[in-house]
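Visitor: Good morning. I am new to this structure and would like a guided look, please.

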Amino acid sequence: MIRDRGKMKWQSAFFIPEHVKMLKDVEIDANKISKPQLDEHQLEEIQIVIMESLHYTLPIKISTWENGFTHHMTAIVDTLDMIKREIRVEAQKDYEMKCIHIEKIIAAERI
């Protein structure tokens, strides 16, 4: 008796690596979002939360936008550099120092 795998045998044979990469890129592009536009009130609230974390060593949740995706981290603000327009934070997850460009921040909230 011959045991045939049916369609499974031919299923992946018709996909070339470039086609697989293109399908993955299309899926990634479909999940991207545009950068939220913040009003003055939201920007002021972000500034207040960041300054409280800086002065009182309080952990905050920072949301950033980069290349169509949002990222979230819990951190304590260490320094604020207005010349470079970035903040330096200590991430609570791995206690690593990271720099975040101010324009990438879309939200900051107290924990």
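Guide: Please note at the outset that this is a predicted model. One place to begin is the second largest pocket, where strand E1 (60-66), strand E2 (69-81) and strand E4 (97-101) each supply at least two residues of the lining.

Visitor: Which element gives the largest share of that lining in the second largest pocket?

Guide: That is E4, with four residues.

Visitor: And which residues line the second largest pocket?

Guide: The lining consists of Ile62, Thr64, Glu66, His71, His72, Met73, Lys98, Cys99, Ile100, His101 and Lys104. By class, four of the lining residues are nonpolar, four are polar and three are charged.

Visitor: How much space lies in the second largest pocket?

Guide: About 170 Å³. The largest pocket, by comparison, has a volume of about 420 Å³.

Visitor: Let us turn to the largest pocket, then. Which residues lie nearest its centre?

Guide: Leu43, Ile46, Gln47, Arg85 and Ile102 do, out of 17 residues in the lining of the largest pocket. Helix H3 (residues 40-56) provides the largest share of this lining, namely six residues.

Visitor: How many nonpolar, polar and charged residues are in the lining of the largest pocket?

Guide: There are 11 nonpolar residues, two polar ones and four charged ones.

Visitor: Could we go through the strand pairs? How many bridges join E2 to E3?

Guide: Six bridges join these antiparallel strands. In one of the pairings, Ile76 has Glu90 in E3 as its bridge partner. E2 and E3 form a hairpin with four residues between them, and Arg85 in the turn has a positive phi of about 60°. Arg85 has been mentioned already, among the residues nearest the centre of the largest pocket.

Visitor: And how many bridges join strand E3 to E4?

Guide: Strand E3 (residues 86-91) is joined to E4 by five bridges, and the two run antiparallel. Arg88 has Cys99 in E4 as its bridge partner, while Val89 stands opposite Lys98 in E4. Both Cys99 and Lys98 belong to the lining of the second largest pocket.

Visitor: Which residue in the turn between E3 and E4 has a positive phi?

Guide: Tyr95 does, at about 55°, in a hairpin with five residues between the two strands.

Visitor: One last topic. What share of the residues in the chain is buried?

Guide: Buried residues account for 18% of the 111 residues. As for contacts between residues at least 6 apart in sequence, 45% join residues at least 24 apart.

Technical notes:
Residues numbered from 1 in each chain as written. Predicted model: local features only at pLDDT ≥ 70, side-chain atom pairs only at ≥ 80, totals over all residues. Heavy atoms only, no water. 1 Å grid on protein atoms, 1.4 Å probe; cavity = no way out; pocket = protein on both sides within 12 Å on 5 of 7 lines; lining within 4 Å. Points joined across faces, edges and corners; volume = space filled by probe spheres on them. Nonpolar A, V, L, I, M, F, W, Y, C, P; charged D, E, K, R; others polar. Pairing = 2+ DSSP bridges. Buried < 20%, exposed > 50% of the residue type's maximum accessible area, 1.4 Å probe, protein only. Contact = heavy atoms within 4.5 Å.
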